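The sequence and model come first.

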Amino acid sequence: MKILILGSGGREYSIARAIYNEDEKHELFFQPGNGATSNLGTNLNIKDYNELAEFAKENEIELTVVGPEAPLVDGVVDIFKAQGLTIFGPSKEAAQLEGSKVYMKNFLAKYNIPTARYIETASIEDAFKFTDTLTAPIVVKADGLCGGKGVIIAQNHDEAKVAISEMLSGKSFGDAGLKVIVEEFLDGYELSMFAVCDGDDYILLPAAQDHKRLLDNDEGPNTGGMGAYAPTPLVDEELYQKVKDRIIRPTLDGMKKEGAPFEGVLFIGIMVVNGEPITLEFNVRFGDPECEILMPLMTSSVSDMFLKASTNRLNEIKVEFSKQFAVGVVMASGNYPYGSSTPAEIIVDDVKHETIEKYTHISYAGVSKEDETLYADGGRVLVCVGLGDSIKEARDRAYLRCGQVHFAGKKIRTDIAYQAL
């Protein structure tokens, strides 16, 4: 197939790598891609979605896969479908599950899907009043898209009120924060679950666990994610079943009732409190770096799964996963997540060890290319992924691979998957 992938990060590189490694000789295109995706296909520079749809039509692209949330919230799926193109991802209306936290929380409440007690408001007075009814810590969220940074966990009431004031005034997140959600803090452990949906049916992928904080022992500021592992032993069949019955099924049924059937990836951020799954948030695409560890665990065709999900035919296929574990360790630039970093040349040692060659790989994200040399461009640069028969083996291999990658200012956590180990 000819396949177009929208996005430029490690998530899109990983999806492309999985498709590239299938037996079929697919032809891959990226908009915009990164310095390393050009090794897998052709990078495009067509920013306008209508023009991109024209390109897809003229070049007989058979499947488009959307990686990040912004194009989905902007309605790229609707534009492509209007041209009769097959595209994997939710419509603009369905993408509100991530695009608006207020929409999401109200949807959860309407369909009795377990979530934390909350208020959504644009009134500072109402927000403060509700805050006073909660015990600290208190969660304050901006309504709109904030690149994964619009959630503040305030340690006391004063901190919560400062966060509310700064969001509602537009100081923190501009227009994205002009409506806020204040909610109770849930004490448990967090999981990432992903359901690939076709509007009616879904396939639940193995549960993963992400590491959001910058530093070891979950210290430092929140980031987009410094590493992840899957499957996590913190989930048993009973918990999977509860998630299916109480969260995924009512969500798909509810979205159909809302006139916006959900197609694409539904990411469910879950807090498990005393064995019960509570919905923290929805995203409408794969998480990053979770995608980097889930893709290599799939043993059935990734492109076929996306194609069947895009054409309401998931019931025709069986998606299969290896029995292995995957651990991904993010390498970030020196100033991440505080600011931009100076581009730095990436040097990757030749792999001499057969095991490392076979059971590890690199998924590239924030990189550019000049004269066949890759440069770390800032942010999260790449993910070293290790596979193994145990989480420990996968983790050890991932870190061995990390030791072979060098660039000025590289920053990694040394304790990815510690919860499981």
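## Cis prolines and a positive phi

Proline 231 sits in the loop that joins β15 (227-230) to α9 (237-257). Helices (H or I, at least four residues) and strands (E, at least two) are DSSP runs, numbered from the N terminus. The peptide bond leading from alanine 230 into proline 231 is cis, and its omega is near -15°. A cis bond also links tyrosine 336 to proline 337, with omega near 0°. Proline 337 belongs to the loop between β18 (325-332) and β19 (344-345).

Asparagine 312 is not a glycine, yet its phi is positive, at about 55°. This residue is in the loop between α11 (302-310) and β18.

## Basis of the values

The model is predicted: local features need pLDDT of at least 70 and side-chain atom pairs count only at pLDDT 80 or more, while totals for chains, interfaces and linings use all residues. Residues are numbered from 1 along each chain as its sequence is written, and side-chain values use heavy atoms, with hydrogens and water left out.

## Helix α1 against α11

The axes of α1 and α11 are 8 Å apart, and the two helices pack at an angle of about 110°. Axes are lines fitted to C-alpha atoms, for helices over the stretch in contact, and angles run from 0 to 180 degrees between N-to-C directions. α1 and α11 are therefore roughly perpendicular to each other (65 to 115 degrees; under 35 counts as roughly parallel, over 145 as roughly antiparallel, and the rest as oblique).

On the α1 side the contact (heavy atoms within 4.5 Å) uses Ile15, Ala18 and Ile19, and on the α11 side Val302, Ser303 and Phe306. By class, this contact has 5 nonpolar, 1 polar and no charged residues. Ala, Val, Leu, Ile, Met, Phe, Trp, Tyr, Cys and Pro count as nonpolar, Asp, Glu, Lys and Arg as charged, and the others, Gly among them, as polar.

## Helix α7 against α8

Helix α7 (residues 124-131) and helix α8 (residues 157-168) have axes that come within 10 Å and cross at roughly 160°. That angle makes α7 roughly antiparallel to α8.

Ile124, Ala127, Phe128 and Thr131 of α7 meet His157, Ala160, Lys161, Ile164, Ser165 and Leu168 of α8. The classes in this contact are 6 nonpolar, 3 polar and 1 charged.

## The second largest pocket

The second largest pocket holds about 360 Å³ of space. On a 1 Å grid over the protein atoms alone, with a 1.4 Å probe, a pocket is an open set of points with protein on both sides within 12 Å along at least five of seven lines; lining residues have an atom within 4 Å of a point. Grid points are joined across faces, edges and corners, and the volume is the space filled by probe spheres set on the points.

This pocket is lined by 21 residues, of which Ala18, Asn21, Met295, Pro296 and Met298 are the closest to its centre. α1 (10-20) and β21 (360-364) each supply at least two lining residues, and the largest share, 3 residues, comes from α1. By class, the lining has 7 nonpolar, 9 polar and 5 charged residues.
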